Amino acid sequence: MELFYGGGYLGAILAFQILALFIPIRLVSTVTGTLLTSINRQGFRMFSVGLSAVLNIILNIALIPSYSYIGASAATVISEVFLYLLFLFYIWRHYRGLNVSSTFTRPALASIVMALAIYPVRDMSLIITVALASCVYFAVLAVIGGFRDEDRMIIMNILGRE
């Protein structure tokens, strides 16, 4: 925060950190919402967004009087998690027999290890933190077999080692 706005907004750091959780959740939520639309379940998507909006309003009414902008940022993240879980529920109902957990298990594990690794250095330079996060994530994926042959070929092409 100080890097971009100076010291005048240091009080907003906690709210910004909470809202930062919103970004990856929104990313996967958007993908799952698009999947619902692609399988002709846009009615479920609309219903879920409506429920999430109602939850957000209720949480804002409950949290803002006591927690101000921190409560509002928490309400936003909680509502987005709720939306994502609703999307997953409807997708699961449509694809009950499909085992998608094996696709997401290794990247999820690598993400958890990455988060644990960068937590102690979170106050360091942003560039160092991002570099460390990237190295840890890809190293963990490599160790636990998270790369398929196709992934390895793409990486080799990027590195210029065909």
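Trainee: How many salt bridges does the count come to here?
Mentor: The count comes to 3 salt bridges. Keep in mind that this is a predicted model.

Trainee: Why would side chains pair like that?
Mentor: Opposite charges on side chains can pair when the charged atoms come close.

Trainee: OK, which residue forms a salt bridge with Glu80?
Mentor: Arg26 does. The closest N and O atoms of the two are 3.1 Å apart.

Trainee: Is Glu80 buried or exposed?
Mentor: Glu80 counts as buried, because its relative accessibility is 4% and the cut-off for buried is under 20%.

Trainee: And what does Arg26 count as?
Mentor: Partly exposed, at 38% relative accessibility.

Trainee: Back to the helices. How do H3 and H4 lie: what is the crossing angle?
Mentor: Roughly 25°. H3 covers residues 22-38 and H4 covers residues 42-94. Their axes come within 7 Å.

Trainee: Parallel or antiparallel, then?
Mentor: H3 is roughly parallel to H4, because angles under 35 degrees count that way.

Trainee: Is the crossing left-handed or right-handed?
Mentor: The crossing of H3 and H4 is left-handed.

Trainee: Which residues make the contact?
Mentor: On H3, they include Phe22, Ile25, Arg26, Val28 and Leu35. On H4, they include Val77, Glu80, Val81, Tyr84 and Phe87.

Trainee: How many of the contact residues are nonpolar, polar and charged?
Mentor: The contact of H3 with H4 has 13 nonpolar, 8 polar and 3 charged residues.

Trainee: New topic. What does Arg152 pair with?
Mentor: Asp149. Their side chains meet in a salt bridge, at 2.8 Å from N to O.

Trainee: Which helix are they in?
Mentor: Both lie in helix H7, residues 149-158. They are 3 residues apart, about one turn of the helix.

Trainee: What about accessibility for that pair?
Mentor: Arg152 counts as partly exposed, at 42% relative accessibility. Asp149 counts as exposed, at 57%.

Trainee: And which residue does Arg148 form a salt bridge with?
Mentor: Asp151. The closest N and O atoms of Arg148 and Asp151 are 3.5 Å apart.

Trainee: Is Arg148 buried or exposed?
Mentor: Arg148 is exposed, with a relative accessible area of 54%. The cut-off for exposed is over 50%.

How values were computed:
Residues numbered from 1 in each chain as written. Predicted model: local features only at pLDDT ≥ 70, side-chain atom pairs only at ≥ 80, totals over all residues. Heavy atoms only, no water. Axes fitted to C-alpha atoms, helices over the stretch in contact; angles between N-to-C directions. Helix = DSSP H or I, 4+ residues; strand = E, 2+ residues; numbered from the N terminus. Parallel < 35°, antiparallel > 145°, perpendicular 65-115°, else oblique. Left-handed = near helix turned anticlockwise from the far one by under 90°. Contact = heavy atoms within 4.5 Å. Nonpolar A, V, L, I, M, F, W, Y, C, P; charged D, E, K, R; others polar. Salt bridge = Lys/Arg side-chain N within 4 Å of Asp/Glu carboxyl O. Buried < 20%, exposed > 50% of the residue type's maximum accessible area, 1.4 Å probe, protein only.
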